[in-house]
Amino acid sequence: MASILDRIVARKREEVAALKRRGLPPEREKDGPRGFIRALVARRAGGQVAIIAEAKKASPSRGLIAPDFDPVAMARHYQAAGAAAVSVLTERHFFQGGLDDLVQVRAAVQVPVLRKDFIIDALQIEEAAAAGADAVLLIAAILSPGQLRAFREQAAAYGMDALVEVHDEAELESALTSGAQLVGVNNRNLHDFTVDLARSFRLKALVPDSVPLVSESGITSVHELLRLKEAGITAALIGESLMRSGKSGPLLAELAGA
Ligand SMILES: O=C(O)c1ccccc1NCC(=O)[C@H](O)[C@H](O)COP(=O)(O)O
């Protein structure tokens with residue numbers, strides 16, 4: 001059976017083909033890029049693991065997470081509670097997200113905003129820039145080192161940073177070969193959906209200190225965040241546990257203060 005990533009990418013190919021036929025909507029007015037990597041590194045230099053807090057309505061592993069999804073209210077809460085940046089899932093079919101969520105969130109907060117999607121084509125980078133994203137996710141499992149480099153350079157030409165996501169040593173090699181300036185280790189096994197922070201610790205040892213590392217997925221507690229901090233990890237990308245804690249929940253403030 002095809003993996004979840006194969007199914008997401010197959011769907012994405014259809015969407016990109018439709019986007020090419022339709023063309024991009026006119027560019028919206030927006031302020032300049034906010035420096036995604038810069039914000040993470042500055043927060044870590046201040047002694048805390050930087051938190052990238054994610055607006056996530058649903059997911060393939062968990063189904064519907066937030067029935068009353070309000071990405072703007074959530075993003076405002078994230079910023080007020082100390083998030084260094086906000087991630088917005090813009091994939092529609094499997095995560096029930098949308099690019100409009102990103103546009104609205106970007107207008108409502110001052111911290112940098114990451115477009116979290118499955119990018120397979122240059123037009124999606126252009127689309128992210130037009131929507132006002134400060135950074136894009138590039139997934140090493142679905143892109144060649146050549147594509148990773150080309151898409152990262154294209155993003156940089158628009159003033160956006162790229163978070164290059166890896167799951168294992170081979171993908172990390174590909175990310176570093178492509179010149180990644182920010183690497184994310186996804187702790188989620190995309191075959192059985194189990195999460196294991198050990199993946200972040202194992203790969204951290206292989207990443208040069210000059211490249212900040214983000215630990216992604218399955219982070220739920222201050223204890224886990226402190227372990228990431230001890231390991232020298234720059235940032236943590238957290239979705240589900242913050243969404244479930246809600247817009248007045250104390251979890252993010254506890255994590256951000258750790
Ligand atoms: O979350 C999923 O089920 C998922 C499945 C397949 C591909 C990607 C998936 N998630 C995207 C993410 O990377 C997470 O939303 C992000 O790291 C936050 O994870 P979490 O804190 O566990 O919600």
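This is a predicted model: local features need pLDDT of at least 70, side-chain atom pairs count only at pLDDT 80 or more; totals for chains, interfaces and linings use all residues.
Let's start at the ligand: 18 residues surround it, and the closest are Ser59, Ser61, Ser217, Gly239 and Glu240. Two elements, β10 (235–238) and α10 (240–245), each give two or more residues to this shell.

Now zoom out to the annotation. An unreviewed UniProt entry puts the feature "domain: Indole-3-glycerol phosphate synthase" at residues 5–246.

Next, the interior. In soluble globular proteins, nonpolar side chains tend to be buried together. Here the largest nonpolar core contains 73 residues, and Ile51, Ile52, Ala83, Ala85, Val86, Val136 and Val164 are the ones with the most contacts inside it.

Take Ala83 from that list. You'll find Ala83 in the loop between α3 (71–80) and β4 (85–89). Is Ala83 buried or exposed? Ala83 counts as buried because it has 26 C-beta neighbours inside 10 Å, and the cut-off for that label is 20 or more. Setting aside neighbours within four places in sequence, Ala83 touches Ile51, Ile52, Ala53, Tyr78, Val111, Leu252 and Ala256. Gln147, on the other hand, is 64 residues from Ala83 in sequence and 30 Å from it in space, C-alpha to C-alpha.

Val136 is another one to click on. With neighbours within four places in sequence left out, Val136 is in contact with Arg115, Ile119, Ile125, Ala128, Ala155, Met160 and Ala162.

Terms used
Residues are numbered from 1 along each chain as its sequence is written. UniProt positions are given in the numbering used here, feature names are shortened, and annotations may be inferred rather than shown by experiment. A nonpolar core is a set of buried Ala, Val, Leu, Ile, Met, Phe, Trp, Tyr and Cys residues joined through C-beta atoms within 7 Å. A residue is buried if 20 or more other C-beta atoms lie within 10 Å of its own, exposed if 12 or fewer, and partly exposed in between; C-beta atoms are placed from the backbone. Two residues are in contact if their C-beta atoms, placed from the backbone, lie within 7 Å. A residue is near a molecule or strand if its C-beta atom, placed from the backbone, lies within 6 Å of it. Helices (H or I, at least four residues) and strands (E, at least two) are DSSP runs, numbered from the N terminus.
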